[in-house]
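Dear colleague,

Please find below the sequence and structure that I am handing over to you.

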Amino acid sequence: MMRAVYYYFERDLVKWLRGKVTVISSLVMPAAWLIFVGLALPTKFTENYLEFITPGILVMTMLFSSLQGGSLMIFDKILGFLNKFMAMPSPRESILYGKILFISVRGLMQATVILLIATLLGVRILNPVHIFLIYLTLFLFSVVFSALSTMIGLYLSDHDSYAAVNSMISMPLFFTSSALMPYDVMPVWLRALARLNPVSYAIDSTRILFQGGIPVQGLIGLAIGAGIMVLLGTYQFRKAFV
Amino acid sequence: MIEIKKLSRSFGNLVAVDNLDLEIENEIFGLLGPNGAGKSTTVMMLTTLLKPSSGTAKVCGYDIVKESKKVRSKISYVPQDMAVDRKLTGRENVQLYAKLYGIPNRSSKVDEVIEMMGLSDRAGDLVATYSGGMRRRLELAQALVHEPEVLFLDEPTLGLDVSGRKKIWEHIRMLKAEGMTIFMTTHYLEEAEKYCNRVAIIDKGHIAVVGSPENLTSSIGENASLNDVFLENVKTPEEQAGFNSTQFRNLLRRR
């Protein structure tokens, strides 16, 4: 099972790395966000805005890249790969888990670029335990949303509708989160939304880690969320193909 | 090798496969029929990708619903879409399958099937540079890497040029000679007539006729071909719609 997951993961990774344009674009985009929003925005909501916004950009990058990831499953389905894989004796769920793993690892590579640039721009360097926990937080967060996007992708099986749904949920999720400003400067209605938004959980947890604390609640919450989403994804996947 | 008993599958109100009974021995078996007759649905049920609405089938002695995993370990399935990864090399494409099937001595087995399909000298190139015929042979190499007992091919020669098609058929014959059972669907009736041991013509989910190409054609008349057998047994919507040449000419003139 674990092996099959790895082989499916490896397939997507090699294919992605060979598409040079996609790799470069996915690494440049988050860096641009960090530099232009973090350094150039004229309004500052906090004193050290770059330090404040780095966790927000990290989580945003994971959010967008995991929501985009569902298209991988759509293409495998409409191009006939999925049928070939499903007719093999290796556990069928490993296709799904391989996808989630690849999407999350790809997101973490993008996150690494952001962390490096943030460090160069003067964001404090943290100790290894905190760095590890930041990666763990981002990984769990990505599992939640890559499982979701894969489920949406499998359900819709059509790339255009998928892209429409994707942009319909990604922007609102981002702008109603605590990514760009702290809760106390938000309008009341936005604050209420931001408190409910799962994206804020990940951002707040990452922020606590940047400040040297350990967000036990946030990590447990994300782990439970990830577990539930993977179970739901497995259920949908099994139901769709028996 | 394959026993199909009263197999049915419906999608909503549409009955795609209706009470199908068939027995397939160690042979090259061709399932023929017009578009939408239920060929692919049948293949997808036999390859455990689709659950039957009713009825059963056994592949290599295993039930396709209750023992689906065992069925999958005995078969290979090549759908008509030509699903090979363009950004991977030919060898990498086959290697993926060898890994997923858990083949021991992986690299020698991979080389062996690539050689068998005549792709050795291009195995290191990206599949993006392959022709349609080569991609199809690469898919066969993937399918052969775990030495299946039954090979399911959905339209294996679709969209290939004459020599590409001939080559695929030679490989299929060779596999049969090695003891493999081949279950395939096709629209090229001349090819089915030439290479299949037995064929069945399916229409609207029912088997119209089944038998060896020789028996079927000779029952129609001397010098008959499988095309005649097909047209005799199948009423396609195209045919029912008819073609009124006068009306068509008038339509053209009006423009």
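**Findings**

Read from the N terminus, the elements of chain A follow the order α-α-α-α-α-α-α-α-α-α-α. The model is predicted: local features need pLDDT of at least 70 and side-chain atom pairs count only at pLDDT 80 or more, while totals for chains, interfaces and linings use all residues. Residues are numbered from 1 along each chain as its sequence is written, and chains are lettered from A and ligands numbered from 1 in the order in which they are written.

Chain A has a radius of gyration of 18 Å, close to the 18 Å that the globule rule gives for 242 residues, so it is as compact as a globular protein of that length. This radius is taken over C-alpha atoms, and the globule rule is 2.2 Å times the number of residues to the power 0.38. Along the principal axes, the C-alpha atoms of chain A fill a box of roughly 55 × 35 × 35 Å.

Two packed helices are described by the angle between their axes and the distance between the axes. Axes are lines fitted to C-alpha atoms, for helices over the stretch in contact, and angles run from 0 to 180 degrees between N-to-C directions.

Helix α3 (residues 49–68) of chain A packs against α10(A) at an angle of about 135°, with the axes 9 Å apart. This makes α3(A) oblique to α10(A); angles under 35 degrees count as roughly parallel, over 145 as roughly antiparallel, 65 to 115 as roughly perpendicular and the rest as oblique. The crossing of α3(A) with α10(A) is right-handed. A crossing is left-handed if the near helix is turned anticlockwise from the far one by less than a right angle, and right-handed if clockwise.

Helix α10 (residues 198–210) of chain A also packs with helix α11 (residues 216–240) of chain A: their axes come within 9 Å and cross at roughly 140°. α10(A) is therefore oblique to α11(A), and their crossing is left-handed. Among the residues of α10(A) in this contact are Pro198(A) and Tyr201(A), and those of α11(A) include Gly218(A) and Leu219(A). Two residues are in contact if their C-beta atoms, placed from the backbone, lie within 7 Å.

**Chain B**

Chain B has 11 helices and 10 strands. Its radius of gyration is 20 Å, close to the 18 Å that the globule rule gives for 255 residues, so chain B is as compact as a globular protein of that length. The C-alpha atoms of chain B fill a box of roughly 65 × 45 × 40 Å, taken along the principal axes.

Helix α3 (residues 90–101) and helix α5 (residues 132–144) of chain B pack at about 30°, with their axes 8 Å apart. α3(B) and α5(B) are therefore roughly parallel to each other, and their crossing is right-handed.

**Where the chains meet**

The contact takes 19 residues from chain A and 19 residues from chain B. On the side of chain A that touches chain B, α1 (2–18) and α5 (81–86) of chain A are the elements that give two or more residues. The largest share of that side, 6 residues, comes from α1(A).

Yours sincerely

How values were computed. Helices (H or I, at least four residues) and strands (E, at least two) are DSSP runs, numbered from the N terminus.
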